[in-house]
Amino acid sequence: MSRTALRICPLCEATCGLTLTVEGGRVTGARGDREDVFSKGFLCPKGAAFPAVDGDPDRLRGPLVRRDGELREATWQEAFDAVAAGIRPVVERHGPHAVGVVLGNPNVHTVAGALYPPVLLAGLGTRSLFTASTLDQMPKHVSSGLLFGDANAIPVPDLDRTDHLLLIGANPLESNGSLCTAPDFPGRLKALRARGGTLTVIDPRRTRTARLADRHVTVRPGADALLLAAMAHVLFEEDLVRLGDLTPHVQGLEELRAALRDFTPEGVAAACDVDADTIRTLARELAAAPTAAVYGRIGSCTVPHGTLASWLVDVLNILTGNLDRPGGALFPQAATDRTPRPAGPGRGFALGRWHSRVSRHPEAKGELPLSALAEEIDTATEEGEPIRALIAVAANPVLSAPDGDRLDKALESLEFMVSVDPYLNETSRHAHVVLPPPPPSQAPHHDFAFNTLAVRHQVRYNRPAVPLAPGRMAETEIMARLVLAVTGLHGADPSAVDGTVVAQTLGRAVQDPHSPVHGRDPKELAAALTGEDGPERRLDLMLRLGPYGDGFGARPDGLALARLLEHPHGIDLGPLRPRLPQPLRTVSGKVELLPEPIAADLPRLRQALTASPAALVLVGRRHLRSNNSWLHNVPSLTGGSNRCTLHVHPEDAARLGVRDGQPVRVRGAGGEVTAPAEVTEDVRPGVVSLPHGWGHDRPGTRLGHASTDPGVNVNQLLDGSLLDPLSGNAVLNGFPVELVPVAEKIEALSSVKP
């Protein structure tokens with residue numbers, strides 16, 4: 001007998017509601033939940049493939065422990081015994097920084113990934129933290145921290161009310177959106193145009209999003225910051241700056257005008273390969289729109305000036321008066337955010353509080369560049385201990401970080417490694433212990449991270465759609481036991497982790513004069529929490545203390561877990577609203593338009609005005625049916641357009657003697673890969689494109705389908721030395737490459753064994 005169950009999709013940032021068909025404890029179907037308050041029935045191919053992702057036969061069903069050099073099945077007790085025996089001696093002999101922690105992208109898609117890594121890091125006390133953020137979005141965190149004083153205060157475009165949307169380096173028709181949580185992003189863009197609005201896309205590729213646009217500008221890869229700076233220059237030069245209601249909340253306007261004086265449209269045109277008239281038109285249209293929003297994403301982040309580009313996105317929103325107003329770019333407020341504080345000066349945001357040991361990269365937001373992980377393991381210096389043990393949670397940096405070959409060797413040299421991962425993949429194959437979480441249908445779901453970036457306020461929660469299978473352990477329990485094992489408390493009740501967090505949170509709340517529970521008894525409040533387990537009690541606590549919460553009875557109509565469970569399709573909390581100055585945590589209490597680190601990096605941008613561009617550069621690309629390296633083991637999500645091919649413009653193909661379908665050797669500073677050419681006008685001349693997340697050809701993995709069509713690892717073309725200096729973000733787009741066509745007959749002969 002079949003039944004249905006609701007589940008928020010965890011496969012991308014859109015967070016669409018699903019209605020699952022469950023038969024005999026197995027998910028057999030998925031469709032969009034038409035009653036979901038946020039997604040309203042929208043479904044993309046990844047969501048439709050949820051049953052195949054959930055039931056992938058290559059998912060590990062129990063822990064693995066390395067014995068005599070081989071990973072073998074073990075009991076959970078044996079696995080955590082091995083973790084404790086492997087990590088604690090490293091900490092005791094070499095200190096906490098000798099233990100590295102790598103957090104991958106999937107962490108932000110799970111309850112466990114949101115609740116437990118902060119506890120793990122606090123318990124370990126290590127500064128050796130690396131995450132996928134420095135391969136993706138760290139420039140936006142840094143620019144937001146410098147502008148607003150809070151690295152997580154990221155404005156998002158008000159898609160449903162704006163009159164003019166300018167996208168730079170973003171392809172939401174393929175990605176479904178990023179740092180902007182919006183189910184049915186394509187439908188929202190079509191609705192913008194249907195109501196008479198304007199969509200402008202700046203991208204070196206003719207993406208699906210670019211094809212939808214009113215105007216598509218094919219900027220030279222990596223020149224995003226120059227183009228945006230010139231647009232800001234035009235606003236000043238032509239007296240188009242209109243701060244409006246932002247005026248009392250902004251400082252540094254004249255200093256910014258002076259800092260951008262050199263970036264004239266005529267001065268940047270050659271470097272951007274965008275003519276001056278087009279740049280002026282872009283600025284004038286933005287200023288003239290009744291409401292407008294500029295939104296930049298990964299294409300403008302993963303470049304040499306990623307932080308400057310991210311900063312200039314918000315500068316344009318500010319100068320046109322579109323920050324923090326309906327139809328512009330606003331600061332979302334999630335239901336689990338901290339209790340709102342009164343507006344006023346804060347501590348601000350600091351960079352470089354410590355540095356990496358080898359190359360002295362400054363930390364950003366408590367993280368070191370993931371590009372530096374290999375050298376932090378394999379290079380000895382007089383300063384500090386190398387990383388000798390590693391904890392990887394939902395991370396596959398051998399494919400996702402630059403120079404996977406070097407990292408592959410470095411991981412092999414570790415004294416100990418533990419990986420929390422459902423697969424034996426290119427990274428987890430090096431682990432001494434693998435702790436596999438259950439499939440997503442057997443886990444609860446609430447979007448702690450993505451609701452802080454959502455284009456509409458709402459809150460949703462799902463309990464597991466399918467009971468935990470025999471022999472499985474809940475991901476929340478895995479993470480709680482991991483915390484205990486690595487912090488010297490192995491064997492304690494895992495519920496103690498949640499109990500400690502609840503006690504500490506309430507202890508602070510009752511002493512906070514701005515909290516709704518100020519002065520109350522924390523033990524009494526803890527006893528009032530509801531939920532079936534520790535993670536649910538923590539969710540209840542965050543909801544009750546949050547901006548819409550009931551304050552433990554102080555606001556009877558407010559949120560709590562019990563009320564959320566009564567609304568299985570979610571609770572709509574209304575559109576985004578202006579919030580300034582409350583989100584600001586700068587020392588001045590204002591938006592600081594020209595922070596010192598930004599001003600200090602502008603000379604580097606000026607140098608780009610006269611730099612000679614490379615003859616050929618490479619950019620990545622996204623596929624709708626893919627998400628980094630996660631989903632290549634699902635047959636229904638590979639093939640068709642989701643292939644690892646090298647896009648080459650016809651002019652470049654003719655110049656280099658490349659034919660469509662011919663193998664081409666691509667060379668970069670970090671190595672070379674060979675991929676079939678796909679000759680297409682979807683890239684501009686001088687640009688080639690390879691997708692991210694492929695290269696499933698290493699031995700020792702258990703990825704049956706992915707290994708049949710492995711593709712190549714585009715990040716192997718990088719040696720890890722190219723970084724945005726402010727954020728430590730890897731430069732994954734716009735780097736120089738060389739192409740060498742492969743003679744197919746010679747290649748075929750060379751593959752024949754004697």
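Reply: H141 sits in helix α6, which covers residues 138-148. The model is a predicted one. Is H141 buried or exposed? With a relative accessible area of 5%, H141 is buried, because the cut-off for that class is under 20%. A polar atom of the H141 side chain lies 2.8 Å from the backbone oxygen of A151.

H518 belongs to the loop that runs between α20 (495-509) and α21 (522-528). Its relative accessibility is 43%, so H518 counts as partly exposed, a class that lies between the 20% and 50% limits. The C-alpha atoms of H518 and G551 are 9.9 Å apart in space, while 33 residues separate H518 and G551 in sequence.

Empty space inside the model comes next. Rolling a probe the size of a water molecule over the atoms shows where such space is left. The count is five cavities of 30 Å³ or more. The largest cavity holds about 100 Å³ of space. Its lining consists of 14 residues, and K140, P155, Y295, G296 and V313 are the closest to the centre. Three elements, β8 (156-157), β13 (293-296) and α15, each give at least two residues to this lining. Sorted by class, the lining of the largest cavity comprises nine nonpolar, two polar and three charged residues.

Helix α15, one of those contributors, spans residues 306-319 and therefore has 14 residues, with 20 Å between its first C-alpha and its last. That reach is close to the 20 Å expected at 1.5 Å a residue. How many of the residues of α15 are buried? The count is 14 of the 14, so α15 is largely enclosed by the rest of the structure. Just after α15 comes G321, which takes a positive phi of about 75°.

Lining the second largest pocket are 25 residues, with R220, P221, P613, A614 and G734 nearest its centre. Elements that supply two or more residues to that lining are α12 (265-272) and β26 (735-736). By class, 18 residues in the lining of the second largest pocket are nonpolar, five are polar and two are charged.

Strand β2, residues 17-23, is mostly covered, with six of its seven residues buried. Strand β1 (residues 2-8) pairs with β2 in the antiparallel sense, over seven bridges. Within this pairing, R7 stands opposite L18 of β2. Strand β3 (residues 26-32) also pairs with β2 in the antiparallel sense, here over six bridges. V22 has V27 in β3 as its bridge partner. How many residues lie between the strands in the hairpin of β2 and β3? There are two, and G24 takes a positive phi near 55° in this hairpin.

Note on methods. Residues numbered from 1 in each chain as written. Predicted model: local features only at pLDDT ≥ 70, side-chain atom pairs only at ≥ 80, totals over all residues. Heavy atoms only, no water. Helix = DSSP H or I, 4+ residues; strand = E, 2+ residues; numbered from the N terminus. Expected span 1.5 Å × (residues − 1). Buried < 20%, exposed > 50% of the residue type's maximum accessible area, 1.4 Å probe, protein only. 1 Å grid on protein atoms, 1.4 Å probe; cavity = no way out; pocket = protein on both sides within 12 Å on 5 of 7 lines; lining within 4 Å. Points joined across faces, edges and corners; volume = space filled by probe spheres on them. Nonpolar A, V, L, I, M, F, W, Y, C, P; charged D, E, K, R; others polar. Pairing = 2+ DSSP bridges. Polar contact = N/O pair within 3.5 Å; in protein donor to acceptor, adjacent residues only side chain to side chain.
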